[in-house]
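Colleague: Please pick one part of this model and take me through it closely. Then place it in the rest of the chain.

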Amino acid sequence: MHRIVGVWSLVFNLVLAGSGAWMLRAAFQPSTYQAETEVSLQIQPAVEVPLDTLARRATQAVPGFELQGMALPKSPADTVVRALGRLTSSPLYGNFSETIELSARTGRVLAAPDVRQASLGERAELVAFTLHFGQFGGWLVKVFWALGGLSPALLSLTGFLLWWRRQPAIKPTSQRPSQITPPTTNGMRPVR
């Protein structure tokens, strides 16, 4: 069992490590970890168009778009509502892979890029994100991903048990301590 789990979890964990490293590549750039300025809290600007109308316009903008959430404007200067979702026809692009921008004042669609028309690098990043989190399937894939994530712990336990079984057993001696003769020096017995 240890060998089988080890081989298959190696492939699984390489996919997770590769996709995780790809997603974190920006964290190794100096601009990411340099000192950040404090953001002051501001009153969130009002969205003048009903959210239902914005959601309907977003789903009409790109065929096959499934709305999963909306990001409202964060400052008075920001007047864009972002409709976040995924394409039902492309499950490998994962959750929140499509972003449609709408005006918070008029409800007009400002930008509706189709992820299927994106560059190869952008699509590869979406696929890496989907593979890393197991978003391409239903609950069965999520269970498999959770069990795969536990495989290093299982391997350490089964590895320890295999090591423990191979250790020689310590056998008790048949003599009592008083019957054991101490070592001699120069052929003479020590005095008691």
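**One residue, then its setting**

Modeller: His132 touches Leu16, Ser19, Gly20, Met23 and Trp145, leaving aside residues up to four places away in sequence. Contact here means heavy atoms within 4.5 Å. This is a predicted model, in which local features need pLDDT of at least 70 and side-chain atom pairs count only at pLDDT 80 or more, while totals for chains, interfaces and linings use all residues. Residues are numbered from 1 along each chain as its sequence is written, and side-chain values use heavy atoms, with hydrogens and water left out.

His132 sits in helix α4, residues 120-133. Helices (H or I, at least four residues) and strands (E, at least two) are DSSP runs, numbered from the N terminus. The classes are buried (under 20% relative accessible area), exposed (over 50%) and partly exposed in between, with a 1.4 Å probe and protein chains only.

Now the wider chain. The protein chain has six helices and four strands. From the N terminus the order is α-α-α-β-β-β-β-α-α-α. Among its 192 residues, 23% are buried. Of the contacts with a separation of 6 or more, 50% join residues 24 or more positions apart.

The sheet comes next. Its four strands form an open, antiparallel sheet in the order β1-β2-β3-β4. At the edges stand β1 (65-71) and β4 (109-111); each has a single partner strand, so one side of each has no neighbour in the sheet. On average, neighbouring strands are turned by 35° against each other, direction ignored. Two strands pair if DSSP finds at least two bridges between them. Six bridges join β1 to β2 (residues 80-87) in the antiparallel sense. Phe65 has Leu87 of β2 as its bridge partner. Helix α3 (residues 51-61) packs on the sheet and touches β1, β2, β3 (98-103) and β4; its direction makes about 140° with that of β1. Axes are lines fitted to C-alpha atoms, for helices over the stretch in contact, and angles run from 0 to 180 degrees between N-to-C directions. Glu66 stands opposite Arg86 in β2. Six bridges also join β2 and β3, again antiparallel. There, Val81 pairs with Leu102 of β3.

The loop between β2 and β3 holds Phe96. Its phi is near 55°, a positive value in a residue other than glycine. Most residues other than glycine have a negative phi. Phe96 is partly exposed, at 47% relative accessibility.

Last, the surface. Trp139, Leu140, Val143, Leu147 and Leu150 make a nonpolar patch of about 590 Å². Patch residues have over 30% relative accessible area and no salt bridge; like charges are joined within 9 Å, nonpolar side chains (Val, Leu, Ile, Met, Phe, Trp, Tyr) within 5 Å. A salt bridge is a side-chain nitrogen of Lys or Arg within 4 Å of a carboxyl oxygen of Asp or Glu. Leu150 lies in the loop between α5 (139-149) and α6 (151-166). Leu150 is exposed, at 53% relative accessible area. Accessible areas come from the Shrake-Rupley method with a 1.4 Å probe; for residues, only the protein chains shown count as cover.
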